[in-house]
Amino acid sequence: MTNYPDVVTLYRPTNGAELDLVRDSGYRRWPPRLPEQSIFYPVTNEQYAREIAIQWNSRDSGVGYVTRFQVKRDFMARYRVEQVGGAHHTEWWIPAEHLEELNDNIVGLIEVIGEYKR
């Protein structure tokens with residue numbers, strides 16, 4: 001991961017199927033959302049991403065992953081951080097129709113930083 005002052009670091013808990021699609025992109029892009037998924041919601045911290053990967057992804061598919069990636073700060077300035085539970089349960093809510101533009105603003109690669117198996 002590169003540390004540029006003009007980027008925001010985001011985390012995304014994911015399952016194996018989504019991670020396979022990220023891998024197919026060379027770890028550069030998130031796949032399109034499914035029709036029923038109107039929001040892409042990376043989270044703001046590793047702790048929350050890990051909780052989701054363990055409690056949801058690994059339970060539903062046997063393994064959950066935590067990824068980390070950086071996005072240009074000026075792009076992310078359009079969106080608010082939403083608190084959805086405890087103090088560290090914070091997410092960026094990015095409309096699905098903005099996902100390709102988010103992908104275009106990723107700096108560097110999407111990294112897998114955690115794997116959690118049931």
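With a relative accessibility of 1%, Thr-14 counts as buried (buried means under 20% relative accessible area, with a 1.4 Å probe and protein chains only). Please keep in mind that this is a predicted model, where local features need pLDDT of at least 70, side-chain atom pairs count only at pLDDT 80 or more, and totals for chains, interfaces and linings use all residues. Residues are numbered from 1 along each chain as its sequence is written, and side-chain values use heavy atoms, leaving out hydrogens and water.

**Around Thr-14**

- Thr-14 belongs to strand β1, residues 7–14 (strands are DSSP runs of E, at least two residues, numbered from the N terminus).
- Its side chain meets that of Glu-18 in a polar contact of 2.4 Å (a pair of N or O atoms within 3.5 Å, one able to donate a hydrogen and the other to accept it).
- Beyond its neighbours within four places in sequence, Thr-14 is in contact with Leu-19, Asn-57, Gly-64, Tyr-65 and Thr-67 (contact means heavy atoms within 4.5 Å).

**Aromatic pairs**

- The whole structure holds three aromatic pairs (ring centres within 6.5 Å; planes under 30 degrees apart are stacked, over 60 edge-to-face, the rest tilted).
- Phe-75 and Tyr-79 form a tilted pair, because their ring centres are 5.5 Å apart and their planes stand at 55°.
- Phe-75 and Tyr-79 are both buried.
- Trp-30, Phe-40 and Phe-69 are linked into a cluster by ring pairs.

**Arg-12 over rings**

- The charged end of Arg-12 sits over the ring of Trp-30, 5.7 Å from its centre (CZ of Arg within 6 Å of the ring centre and within 35 degrees of the ring normal).
- Arg-12 also lies over the face of Tyr-41, 5.3 Å from the ring centre.

How values were computed. Helix = DSSP H or I, 4+ residues; strand = E, 2+ residues; numbered from the N terminus. Buried < 20%, exposed > 50% of the residue type's maximum accessible area, 1.4 Å probe, protein only. Phe/Tyr/Trp six-rings, centres within 6.5 Å; stacked < 30°, edge-to-face > 60°.
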